[in-house]
Each structure stands twice: as C-alpha cells, then as structure tokens.
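Subject: Structure handover

Hello,

Please find the structure below, with the sequence. My notes come after it.

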Amino acid sequence: MKPGWILVENLVQNRLGHATFGLVAAFSALAVIVATLTDLGLTQFTVQRLAAEPKFADEHFPTLLPLRAWLTGAALLALLALGAALGYRGPQLGLLAAVGGSLLLTQYGLFLRGPVQARQHFNTDALLSVFEKLLALGLVVGLLLGNGLGLNTYVGARLAAAVFTAVLFLGLLRRLFGQLPHRWPRRGPAGQLLRGSLPFAFIALLYGINERVDMVLLERLSSAQEAGYYAAAYRWLDAVMMYAWTVLPLFFARFAHAVARPRELRQLLWLGQRVVGVPLLFAVAFVLFRGEVLFWQFSHSQAPELARMVLCSKILFLNVLVHAFFAIYSTLLTSTRHQTVVSWLIGFSIALNLSLNLVFLPRYGAVAAAANTLISVVFVSVAYVWLVARRTPVAVPWRILAQLALAFGLLCGGWYALRRGLGLSWWLEAGLMALAFVPILFGTGLVSWRELRRLLPR
C-alpha cells in the first residue's frame with residue numbers, strides 16, 4: 001500500500017503543482033497535530049483498558065463513544081480557529097476544513113477500531129487498517145486515469161473515503177458487539193477517563209509533532225512552493241523509515257522481556273543494531289548517489305526544482321543514516337523503564353528544531369527544514385547513547401558502531417568509484433553495488449557464516 005501511495009502522490013503533486021500540493025501538505029500536517037492533541041490519548045487508552053478489563057466496555061464505552069465524537073467536532077473548530085490565527089482566509093479555510101475533516105474522521109476511525117483490536121479480531125482489524133487507504137487510492141487513481149484530477153476533486157476523494165470508512169466502522173461495531181449504548185458525557189466519569197488517557201496523549205504528541213510542524217512552519221515562513229519540495233522529499237524518507245518502525249517494536253518487546261538479564265539485553269542490542277542498521281545503510285547510499293531517480297515522475301518540474309528536491313532528499317536521508325546507527329537505543333531505553341527521560345529529550349529536540357526553523361526557514365526554505373531536522377536528530381541520538389552508557393547495565397557496542405561506519409564508508413567509496421569509472425544505468429549500478437555490499441558485510445564482520453548457519457534449518 002505504501003509504495004502505491006508514494007507513486008500516486010508523486011503523480012498528484014506533478015499534476016497539481018508544488019505550491020498547491022505544498023499547501024495541502026501543510027494543511028494535512030496541521031490537522032494531524034490538532035487531531036493528536038484533541039484525541040487526548042483516548043484511542044491508545046481505550047485499547048489498553050478494553051484488552052485488560054472486559055467489563056470496561058460495558059461500564060465506560062457508552063461515555064467514550066460520544067465523548068470521542070464530540071472531541072472530533074471540537075478539533076475541527078479548533079483547527080479552523082488555528083488556521084485563521086495563522087493567517088488563512090476565505091477559500092483557504094474551506095480547503096483546510098475539507099483536508100482537516102478527512103484526517104479527523106480517519107483518527108476517529110482509529111478509535112472505533114479499538115474494540116476490534118482489544119477483542120483480538122486481528123484479521124478484521126488488519127483489513128480495516130488498509131480499507132480507507134485502499135478506497136482513497138482507488139478514487140484518486142480513477143481521477144488520474146479519467147483526467148479529472150484537480151485540487152477540489154483530490155481533496156474531495158480523500159474526504160469521501162474517510163466519511164464512508166467512518167460510517168462503515170460504526171456499522172461493523174454494531175454487527176460485532178450489538179447495539180452501541182451511549183450517554184452524554186458527564187463531568188465526573190469523563191474527567192476520570194481523560195485523566196487516565198493523558199499520559200498516552202503526551203507521548204503521542206511528542207512523537208507526532210516534530211515531523212509535522214516543519215511542514216506548517218515552512219509554508220507559513222517561506223512559501224507553499226518550498227513546502228511542496230519538502231513534501232516530495234519527505235515522502236521517501238517516511239517510506240524507508242517504515243522498515244525501522246516495523247522492526248523496532250519487535251525488539252521493544254524482547255528488551256522488555258529481558259530487562260532483568262543484562263547479558264541477554266546485550267546480545268539483543270548487538271543483533272538489533274545490525275538488523276535495523278544494515279538495510280538502511282544501503283538505502284542512504286542509493287539516495288546520496290542516485291537521489292534524482294526518486295523524482296522521475298515529476299515531468300512538469302524544471303531542472304532547478306528537481307535539484308532542490310534532490311538536495312532535500314539527500315539531507316533528509318542523512319537522518320536515516322543517524323537512525324540506522326542510533327534508533328535502537330531509544331527502543332532500549334523506553335522498554336527498560338526510562339520513558340520519562342526519553343520524553344524530555346524528545347521535547348527538547350522539538351524545541352531545538354522549532355528554534356532553528358524560526359531563524360532559518362524564511363531565508364533557506366526546504367533545505368533549512370531538512371538540515372534543522374538532521375541537527376535535532378543528531379542531538380537526541382547522542383543523548384540516547386549517553387543515557388544507555390550511564391543508566392543501563394548494557395555497554396554501548398562501539399565495535400559494532402565502528403563496523404557499521406566502515407561498511408557504509410566502503411559502500412560509498414565503491415559507489416563513487418563505479419560512478420566515476422563507468423557510465424551505467426542507475427538500476428544496473430544499484431544492482432552491482434547490492435552485490436558488492438554482501439562481501440563488505442562479511443569483510444567488516446557485521447555478518448558471519450557462523451550466525452547464518454544457526455539460522456539455517458537442520
């Protein structure tokens with residue numbers, strides 16, 4: 001689903017233009033920030049309590065259901081008020097309402113899936129998780145093929161998919177769990193539920209705001225055109241980082257299980273360092289040497305515009321390089337009861353990013369947004385390593401970090417030599433370097449035959 005959306009959104013941006021798509025991207029980012037804030041952690045809180053306490057549904061869900069619907073409506077009003085405060089007027093506020101409405105309904109759909117997750121209907125939940133994206137993708141592809149894609153039709157298709165999905169989820173809940181009782185939220189019970197959900201709200205806000213606020217500030221302090229360039233580059237970063245965000249939760253559970261066994265924690269860290277890092281190293285090298293390939297669909301863009309997007313993507317993928325080395329340390333800390341200090345670190349990195357953006361975005365635009373994100377990520381990653389060394393019984397595996405750095409250096413050196421010596425097509429060049437990466441991994445000791453033999457079936 002993710003690769004399909006990347007290719008389709010590239011076509012949409014190429015058709016609508018960078019400035020128009022940049023405005024939509026900024027509105028989407030602003031809506032996600034408001035939606036995350038106004039959810040107040042209720043979605044995660046509901047899933048946790050429903051899974052742990054079967055009686056929680058009968059006692060509290062009649063209050064939660066209308067409360068969350070009321071918060072969705074309040075979020076839309078807050079979004080429009082915030083948009084007006086930021087200087088949007090007239091048709092722009094209408095567009096913000098449509099873009100924000102679709103994203104707020106998507107967030108409400110996530111809440112409605114809570115009982116499905118908590119009751120262990122995982123197959124149903126998996127289908128529901130992709131239904132709206134698949135429906136919206138189909139509508140947008142239909143508009144592209146029918147030559148009917150425009151700003152209004154694109155936003156309308158996303159909104160129609162969100163409305164249909166929310167109604168479908170409500171109907172499915174009634175079918176799975178019967179009549180959905182509801183009562184107007186009273187101050188006492190609603191306040192108790194909100195107090196329980198606030199820790200989840202804080203964590204969700206910290207993790208969600210940093211990657212969204214750049215787009216909003218970029219559109220306001222620089223231009224919608226620059227926001228479009230940044231959106232095109234960030235789309236690929238988000239896609240590649242999905243690998244890390246898929247793998248890291250697996251190690252989170254393993255770390256938490258082994259918290260009282262330092263030797264096992266160390267072995268898991270050694271493994272996680274390589275499992276997370278190695279694939280990302282190759283992705284970063286590809287973008288550094290062949291970043292222009294990512295934007296092959298932008299046939300309406302001029303050479304300076306393409307160069308701007310390529311530069312942004314290269315800077316953003318240096319963030320991926322930092323995550324390849326250090327993202328596993330954040331997972332280790334949060335899984336071993338150091339969530340509070342990690343949250344403070346993330347909060348400080350957000351403040352640093354905001355400060356840098358306010359200073360540099362007006363002059364340098366999308367390039368500054370990418371560079372500021374990199375500076376913030378480097379700061380917080382260094383802090384993670386320091387905390388692991390000071391507050392956990394696990395030694396930092398400097399040898400593995402050095403091996404990763406050596407492997408990346410050899411990969412980049414080989415790629416540079418190949419580009420200088422031969423004028424190959426990008427796909428042949430990438431294929432040869434993928435083959436060359438294998439002996440580099442064995443030569444640097446990141447992969448060994450002994451470990452591979454353990455994985456082979458006997």
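This is a predicted model: local features need pLDDT of at least 70, side-chain atom pairs count only at pLDDT 80 or more; totals for chains, interfaces and linings use all residues.

Residues are numbered from 1 along each chain as its sequence is written, and side-chain values use heavy atoms, with hydrogens and water left out.

Aromatic pairs

Rings of Phe, Tyr and Trp (for Trp, the six-membered ring) pair if their centres lie within 6.5 Å; planes under 30 degrees apart count as stacked, over 60 as edge-to-face and the rest as tilted. By this rule there are 15 aromatic pairs. In one of them, the ring centres of Phe282 and Trp415 are 5.6 Å apart and the planes are at 40 degrees, so the pair is tilted. Phe282 is in helix α11 (residues 262–290) and Trp415 in helix α14 (residues 398–421), so this pair ties together parts 133 residues apart in sequence. Helices here are DSSP runs (H or I, at least four residues), numbered from the N terminus.

Phe282 also forms a tilted pair with Phe437, at 6.0 Å centre to centre and 35 degrees between the planes. Phe437 lies in helix α15 (residues 426–443), 155 residues from Phe282. Buried means under 20% relative accessible area, exposed over 50%, and partly exposed in between (1.4 Å probe, protein chains only). Trp415, at 0%, is buried, and so is Phe437, at 6%. Ring pairs join Phe282, Phe286, Phe289, Trp415, Trp426 and Phe437 into a cluster.

Helix α2

Of the 22 residues in α2, 18 are buried. Leu40 follows α2 and has a positive phi, near 60 degrees.

Nonpolar cores

A nonpolar core is a set of buried Ala, Val, Leu, Ile, Met, Phe, Trp, Tyr and Cys residues joined through side-chain atoms within 4.5 Å. The largest has 125 residues, and those with the most contacts inside it are Val12, Tyr154, Tyr230, Phe295 and Tyr329. Helix α13 (residues 339–391) gives the largest share of this core, 18 residues. Another core, of 10 residues, lies apart from it and includes Leu71, Phe111, Phe169 and Leu173.

Asn147

Most residues other than glycine have a negative phi. Asn147 has a positive one, near 60 degrees. Asn147 sits in the loop between α7 (122–145) and α8 (151–177) and is exposed, at 65% relative accessibility.

Regards

Notes. Helices (H or I, at least four residues) and strands (E, at least two) are DSSP runs, numbered from the N terminus.
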